[in-house]
Amino acid sequence: MSQVGTRRILITGGAGFVGYHLTSELCKEATNEIVLVDNFARGRRDAELNALLAKPNVRIVSGDLTRPEVYEQLGDGYDEVYHLAAVIGVKHVLERPEAVVRVNALSTILLLDWFTAGNNGKLLFSSTSEAYAWTQKFHQLPIPTPEDVPLALTDLSNPRSSYAGSKIFGELAVTQYGQRSGKPFVIVRYHNVYGPRMGHEHVIPELYARALRGESPLVVYSTHHRRAFCYVQDAVRCTIAAMRSSAANGKTFNIGNDREETLIGDLAKKILARANRPQTITAKDAVNDPINRRCPDVSRARNVLGFEPQVSLDQGLDLTLAWYHRELTQQAASSKEGRHDRQVA
Ligand SMILES: NC(=O)c1ccc[n+]([C@@H]2O[C@H](COP(=O)([O-])OP(=O)(O)OC[C@H]3O[C@@H](n4cnc5c(N)ncnc54)[C@H](O)[C@@H]3O)[C@@H](O)[C@H]2O)c1
């Protein structure tokens, strides 16, 4: 393990959304030595990631965690391993569910083989609220939902099962490897985490981009669905607390914000207001999302980790949409420049 005074940290999927924000927080401690690993399937090597990589205590290994050779490049001796890499997102789940199963399962098994064989400390596995989806559809689950409810897969032919199944499988694999090896582990289930640099397919940036383009009325799916959105800085704080707390070992924690459930229709109105657009919405039903209400019970994280979500939806939307405003403005400017360059050429 690491030399006295330093903490060696590995973050898989470190170029992605949560990985980037987790690294931004962890690199503030100079004694943390952080290695990111990512194959850039979704993560981006943008100016923000480059700024992190310019710090003396952050470096990246570019590689695919489903390939055994990448583990040789990682070495071992990590005090903390955050396993965030996965194929996620509705588009992938619907269009290539077999890749979702393959990458999420295989990367987790190879990582566990490497983690338990080497001289490594504690592993954190990132799971999801989607693990409750099928139980929630066919049985009455309490909402807010605590961690100890049964998890189920029902219709295995439904592509949506690929993501939930791969994450339930990941939780199982981490638990069994952890128990057998005696190495500490913790599982976190993220619930609707949002913030800057989360890509463009998530409901918040997607609605904002269409609102800015002047779509009127704005088409909004599932306006009657209720969700509890958690700002990424809150999620990152809770993630680090779960890693650092020995009382968390072997446990599963919901990570989310149970203080402020919102209707998707109301979220859309907040987004339209921030885009300075008139509030006209056309409601449509989403065919792919049968879950009407989703909210985590975060009492366990409160009791064991002392976690409390701190960023309100209004504050989080202000921070997130200011970032997207800059990003979309820059994109528009560079595509205009590109057109101009092509015309000149
Ligand atoms: N963001 C959320 O609201 C949310 C909700 C529930 C669960 N999660 C979980 O949290 C984790 C992080 O989510 P995120 O939102 O940051 O996703 P993300 O897609 O932004 O990040 C995942 C990263 O993993 C990388 N990756 C994928 N396959 C890889 C491979 N084979 N080898 C190496 N790298 C690979 C991608 O390039 C990407 O950078 C995921 O495991 C996800 O399932 C996130």
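Asn 192 is in the loop between β6 (185–190) and β7 (193–194). Helices and strands here are DSSP runs, H or I of at least four residues for helices and E of at least two for strands, numbered from the N terminus. Phi of Asn 192 is near 45°, a positive value in a residue that is not glycine. Asn 192 has 20 C-beta neighbours inside 10 Å, so Asn 192 counts as buried. The cut-offs are 20 or more other C-beta atoms within 10 Å of a residue's own for buried, 12 or fewer for exposed, and partly exposed in between, with C-beta atoms placed from the backbone.

Before I go on, the model is predicted: local features need pLDDT of at least 70, side-chain atom pairs count only at pLDDT 80 or more, and totals for chains, interfaces and linings use all residues. Residues are numbered from 1 along each chain as its sequence is written.

Phe 40 also has a positive phi, near 60°, and is not glycine either. Phe 40 sits in the loop between β2 and α2 (47–53). With 14 C-beta neighbours inside 10 Å, Phe 40 is classed as partly exposed.

Next, the cis peptide bonds. One runs from Ile 143 to Pro 144, with omega near 0°, and Pro 144 belongs to the loop between α6 (133–138) and α7 (160–181). Another joins Ser 216 and Pro 217, where omega is about -5°; Pro 217 is in the loop between α8 (203–212) and β8 (218–221).

Now strand β4, residues 80–83. Are its faces covered or open? Both are covered: Glu 80 and Tyr 82 on one side, and Val 81 and His 83 on the other, are all buried. In a regular strand the side chains alternate between the two faces of the sheet. As for partners, β4 runs parallel to β1 (residues 7–12), joined by four bridges, and Val 81 is the bridge partner of Leu 10. β4 also pairs with β5 in the parallel sense, again over four bridges, with Tyr 82 opposite Leu 124. Pairing requires at least two DSSP bridges between the strands.

Last, the ligand. How many residues surround it? There are 28, and the closest are Gly 13, Gly 16, Gly 43, Ala 86 and Val 193. At least two shell residues each come from α1 (17–26), β2 (32–38), α5 (97–117) and β5 (122–128). α1 gives the most, with three. By class, the shell has 15 nonpolar, ten polar and three charged residues. Nonpolar covers Ala, Val, Leu, Ile, Met, Phe, Trp, Tyr, Cys and Pro; charged covers Asp, Glu, Lys and Arg; the others, Gly among them, are polar.

Technical notes. A residue is near a molecule or strand if its C-beta atom, placed from the backbone, lies within 6 Å of it.
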